[in-house]
Amino acid sequence: MSRRFVVEADGGSRGNPGPAGYGALVRDAQTGRVVAERAASVGRATNNVAEYGGLVAGLQAALDLDASADVEVRMDSKLVVEQMSGRWKIKHPDMQKLAVQARDLARQLGSVRYTWVPRAQNGAADALANSAMDGTPVHRDLAAEPSVAEDDVQPAEPAPVVTTVTHLLRHGRTEHTPERRYSGRNDLPLSATGRAEAEAAAVRAGELGIDVVVASPLRRTRETAEVVAGALGLQVELDEDLVELDFGDLEGLTATEAREKHPLAARRFTADVTVAAPAGESIADVSRRVARARTRLLERYAGRTVLVVSHVTPIKLLLAAGLGVGDEVVHRVFLEAASLSTVAWSSDGRTSVRVVNDTAHLR
């Protein structure tokens with residue numbers, strides 16, 4: 001029988017385009033053991049180009065290990081999976097070149113098939129991509145490293161499981177909220193209603209045993225967080241990665257106005273999480289930075305109860321990570337202004353979404 005590998009690949013950029021890197025790893029499909037890892041910078045590029053770079057590196061690593069192997073490629077980029085499966089066209093010239101390289105490598109292997117997986121299931125490749133963007137390339141062939149006999153390994157005491165609880169508070173209303181306008185990087189203050197909502201949320205937060213308050217630095221989230229933190233006797237810590245999606249040219253428009261002024265761009269943006277708003281960000285862009293913020297929170301405040309004051313998109317993406325589903329779920333969840341949601345994160349990798357869009361404190 002042919003050997004079977006699973007290639008997990010990802011890529012990202014800090015800005016789109018911006019400094020970019022990819023990560024890829026190869027697992028033995030039977031044992032799940034990682035047998036090769038790759039991570040490298042690709043200079044200044046888009047997310048999609050970086051993701052193709054990860055695909056090429058993963059296929060090359062599999063080919064180096066065993067040219068006769070059957071390979072399943074798993075990626076959280078629906079775009080790359082659909083294009084490499086032949087269902088979508090490839091229009092970007094840089095992506096076309098990388099796709100040709102990937103197909104050439106695939107032809108040299110026993111067989112290759114492509115599978116889309118939720119971002120939460122592609123964390124190892126994402127971590128390698130971030131390592132590359134942080135300036136730490138990786139080129140390891142673990143299959144060639146000496147193995148240790150099982151009898152020589154002393155079993156370690158299992159680490160105690162630590163659970164961190166995050167209460168996710170959407171900011172109170174602004175003048176954009178009642179009309180459902182795209183509200184991204186603007187600096188609108190809370191309306192009078194929004195401030196009253198923040199005060200109501202502060203009363204509710206007093207019942208939750210909050211240890212830390214972390215917020216997006218935009219004015220509406222900062223004001224909401226300051227009201228709550230003041231009532232709790234805590235300071236507000238700011239995290240840039242928790243800011244709302246940059247809606248670019250759609251900023252301040254209703255969905256109807258966006259479709260009238262930017263019909264093609266608005267339609268593509270709402271249909272595909274990897275497509276950026278015109279002159280703005282994509283949901284996938286936000287997902288990457290929210291994942292960074294989540295990692296920092298869970299490392300810095302392990303075992304504590306954290307109030308995260310943020311916006312619709314980042315909160316929905318934190319819920320998606322808690323549920324272990326793809327970024328597409330953002331289009332299927334509704335969050336009221338000043339609503340509370342709760343996710344518990346355990347150090348053994350288990351997560352529990354306990355509350356979504358709780359507004360009882362506002363009634």
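Predicted model: local features only at pLDDT ≥ 70, side-chain atom pairs only at ≥ 80, totals over all residues.
Colleague: Which residue stands opposite His139 in β6?

Modeller: Let's start with the strands: β3, residues 34-45, and β6 run antiparallel. They are joined by 3 bridges. Opposite His139 we find Arg38.

Colleague: On to the rings, then. Is Tyr182 buried or exposed?

Modeller: The relative accessible area of Tyr182 is 16%. Buried means under 20%, so Tyr182 counts as buried.

Colleague: How is the aromatic pair of Tyr182 and Phe247 classed: stacked, edge-to-face or tilted?

Modeller: A pair of rings is described by the distance of the centres and the angle of the planes. For Tyr182 and Phe247 the centres are 4.9 Å apart and the planes make 45°. Under 30 degrees would be stacked and over 60 edge-to-face. With its 45°, this pair is tilted.

Colleague: And how are the planes of Phe247 and Phe269 set?

Modeller: Phe247 lies in the loop between β9 and α7, while Phe269 belongs to helix α8, 22 residues apart. Both are buried, and their ring centres are 6.2 Å apart. The planes stand at 90°, so the pair is edge-to-face.

Colleague: Which residues form one aromatic cluster?

Modeller: Phe247 pairs with Tyr182, and Phe247 also pairs with Phe269. The cluster is therefore made of Tyr182, Phe247 and Phe269.

Colleague: Last topic, helix α9: how far apart are its end C-alpha atoms?

Modeller: Helix α9 covers residues 283-300, which makes 18 residues. At 1.5 Å a residue the helix should span 26 Å. The distance in the model agrees with that, at 25 Å.

Colleague: Against which elements do the buried residues of α9 pack?

Modeller: The buried residues of α9 include Ile283, Val286, Val290 and Leu297. The elements that the buried residues of α9 pack against are β1, α1, β8, β10 and α10.

Terms used:
Residues numbered from 1 in each chain as written. Heavy atoms only, no water. Pairing = 2+ DSSP bridges. Helix = DSSP H or I, 4+ residues; strand = E, 2+ residues; numbered from the N terminus. Phe/Tyr/Trp six-rings, centres within 6.5 Å; stacked < 30°, edge-to-face > 60°. Buried < 20%, exposed > 50% of the residue type's maximum accessible area, 1.4 Å probe, protein only. Expected span 1.5 Å × (residues − 1). Contact = heavy atoms within 4.5 Å.
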